[in-house]
Amino acid sequence: MLKFIDKYYEKITWSIILLGLILLFVANDYLSLVLFLYLLIRALKSRDTIRKTLRTTPLSTMVIYVLGMIILIIALVFIMLYSGDFIKKYNIPVFLQYIYIAVVLVGSMFLYTWLMDFLIKKWDKKRVSK
């Protein structure tokens, strides 16, 4: 099964993207399933890199990354809930809602990456100075 995914990765990916675009206009309720399938295919494609990274990363660094991700998810839940009320109150069009979600997610990924790099560098300096 994994060899099949490796062999036809691009065709499967484009099929999932096309399905997502169709469902965007037809049935928004199933977009989370399409997104999950896309992320699953991406993870299966880069499974060797993920395995190598998990083996070479120290436990303390992984704990910092996991705690940062949990804090990020909590913050995003509150941001999306309160901004969802605002969007519903002012009846903002659907395409602007998707643009808003994309901007929030890209911004949060940038902030997460920058903050984690900063914390890891600070943590490493602290360990070296001891």
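A: Happy to. Let's begin with what counts as a helix: helices (H or I, at least four residues) and strands (E, at least two) are DSSP runs, numbered from the N terminus. With that in hand, Phe-78 and Tyr-82 both belong to helix α5 (residues 59–90), where they sit 4 residues apart, about one turn of the helix.

A word on the source: this is a predicted model, in which local features need pLDDT of at least 70 and side-chain atom pairs count only at pLDDT 80 or more, while totals for chains, interfaces and linings use all residues. Residues are numbered from 1 along each chain as its sequence is written, and side-chain values use heavy atoms, with hydrogens and water left out.

Now to the rings. A pair of aromatic rings is described by the distance of the centres and the angle of the planes. Here, rings of Phe, Tyr and Trp (its six-membered ring) pair if their centres lie within 6.5 Å; planes under 30 degrees apart count as stacked, over 60 as edge-to-face and the rest as tilted. This rule gives 4 aromatic pairs. One of them is Phe-78 with Tyr-82, a stacked pair at 6.4 Å centre to centre and 15° between the planes.

Phe-78 is partly exposed at 46% relative accessibility, whereas Tyr-82 is exposed, with a relative accessible area of 59%.

Helix α6 holds another pair. The ring centres of Trp-114 and Phe-118 are 5.9 Å apart and their planes lie at 10°, so this pair is stacked. Both residues are in helix α6 (residues 94–129), 4 residues apart, again about one turn of the helix. Phe-118, at 43% relative accessibility, counts as partly exposed.

Finally, the setting. The chain has 6 helices and 0 strands. Its radius of gyration (taken over C-alpha atoms) is 19 Å, well over the 14 Å that the globule rule gives for 130 residues, so the chain is more spread out than a compact globule. That rule is 2.2 Å times the number of residues to the power 0.38. The C-alpha trace spans about 60 × 45 × 15 Å along its principal axes. Of the 130 residues, 17% are buried.

Technical notes
Buried means under 20% relative accessible area, exposed over 50%, partly exposed in between (1.4 Å probe, protein chains only).
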